[in-house]
Amino acid sequence: MAKVAVFGYGTVGSGAVEVMVKNAEEIAKKTGVSLEVAYILDLRDFPGDPMEDKVVHDVEVILNDPEVKVICETMGGVNPAYTFTKRALELGKSVCTSNKELVAAKGPELLEIAKANNCSYLFEASVGGGIPIIRPLLTCLTAEKIEAIQGILNGTTNYILTKMSDEGADFADVLKKAQELGYAEKDPTADVEGHDAGRKIAILSSLAMGQTVSYDDVYTEGITKITPVDFAYARALGLQIKLIAMSKMTEDGNFALVTPRLLDAKSPLACVQDVFNGILVTGNMLGDSMYYGKGAGKLATASAVVGDVIEEAKNEGRTIPVLWKAEKAAVSNYKDLSQQYLVRIAGTDEAAALAAFPGGKVVKVAEADNEFAVLTENMKECDYDAKAAGLSVISMIRM
């Protein structure tokens, strides 16, 4: 019997408890591991809850119990989650988490502490909710040199962009609807400005490179400036607009960024709709492999958390290896990344635009007066900036 404690009895924490209790027989049958929820740490009481007798308010009760071997940290934020996690690992208790903010900020440090104390720190649920992606990177794809990771890593923004595309609605109207449905927070900044996806691609980039890609090194651009007219141009070209978190390892350097992008309809990511997530991993031998599913939600994320609980319970007294060194990875300036651009330009001077972007394709849509767009050929963004400087650019979206 493996005794488990849960830090935080919110959406994910209560979901993890639900998974462990309801699927106890299934887990034991498949893995040979029996899980018991011994404690739940929270500031609140939960009168009437089936687990109310497990709730404690003092973390020391859990840390001082030698029978607790695995802890689920589902508190969110860096502190006090970092302090509690560090203490637990130093005591030889394995910790698993859904806390992307903490993993992005302190991941390599906590992994080193776990290794020094013969326990594990796992974080499958910190990226992609219930989609298995971190474990495949660490196990199934270890024979691969990862060349690129591209993903729709935020369900809120994907829902908004899906509705804008399908209904021709404005960003503000769809955001309001997303908030009413519970898909977007009251303060949606972390989602719509790309910060959430930025933390997730920082984690995936770190695992792909084996060194630390700081969230601060990820160029991040959100979706707040995307308009129905942008979707009109996309439709004219047979393309989709998605918020894409990208990590690319190329001859020109290693890049990590989050930006709205135009996707060809043939791209597997173009088919990812509503609140779903999709992650496309490119290996030098395998080529592309796709991971798709619910990127958030109580039980989807909790399922991934409990998967880590089981792995840690099965490996008590040893460290499950995760290659992620504290040494900073060399991340190149995103301006050196070569790509295409759809450039909206005010006025009617197509000749000047094509002189700036030789080989470009002019696009016009009925929804836009006194403007046109040019789909450029492939070039580095620094070169795009120089060519676009003399034009009346309204906006630009990358391919």
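Predicted model: local features only at pLDDT ≥ 70, side-chain atom pairs only at ≥ 80, totals over all residues.
An open sheet is formed by 6 strands, and their order across it is 3-2-1-4-5-6. The pairing in this sheet is parallel. Strand 3 (55-56) and strand 6 stand at the edges; each has a single partner strand, so one side of each lacks a neighbour in the sheet.

Strand 5 (residues 94-97) runs parallel to strand 6 and is joined to it by 2 bridges. V95 has Y121, in strand 6, as its bridge partner. Y121 also belongs to an aromatic cluster, together with F123 and W324.

## Aromatic pairs

Searching the whole structure gives 9 aromatic pairs. One of them is F7 with F84: the ring centres are 5.9 Å apart and the planes stand at 75°, so this pair is edge-to-face. It links distant parts of the chain, since F7 lies in strand 1 (residues 2-7) and F84 in helix 4 (residues 81-90), 77 residues apart. F7 and F84 are both buried.

A further pair is F123 with W324. Here the centres of the rings are 5.8 Å apart and the planes are at 75°, so the pair is edge-to-face.

The cut-off for a buried residue is under 20% relative accessible area. F123, at 2% relative accessibility, therefore counts as buried. W324 has 3% relative accessibility and so counts as buried.

## Charges over rings

Two contacts of a charged end with a ring are described here. K106 has its charged end over the ring of Y82, at 4.8 Å from the ring centre. For R199, the charged end sits over the ring of Y215, and the distance to the ring centre is 4.7 Å.

## Helix 8

Helix 8 spans residues 171-180, and its buried residues are F171, V174, L175 and A178. These four cover an arc of only 105° around the axis, which puts them on the same side of helix 8. An α-helix has 3.6 residues a turn, so residues three or four places apart point the same way. The other side of helix 8 carries the exposed residues A172, D173, K176 and E180.

What do the buried residues of helix 8 pack against? Their packing partners are helix 7 (155-167) and helix 9 (189-192). After helix 8 comes G182, which has a positive phi near 85°.

## A208

A208 is part of helix 10 (residues 195-209). Its relative accessibility is 22%, and A208 therefore counts as partly exposed. The contacts of A208, apart from neighbours within four places in sequence, are with I146, I149 and M249.

How far apart are A208 and L323 in space, C-alpha to C-alpha? The distance between A208 and L323 is 8.9 Å, although 115 residues separate them in sequence.

Methods: Residues numbered from 1 in each chain as written. Heavy atoms only, no water. Buried < 20%, exposed > 50% of the residue type's maximum accessible area, 1.4 Å probe, protein only. Arc of directions from axis to C-beta. Contact = heavy atoms within 4.5 Å. Phe/Tyr/Trp six-rings, centres within 6.5 Å; stacked < 30°, edge-to-face > 60°. Lys NZ or Arg CZ within 6 Å of the ring centre and 35° of its normal. Pairing = 2+ DSSP bridges.
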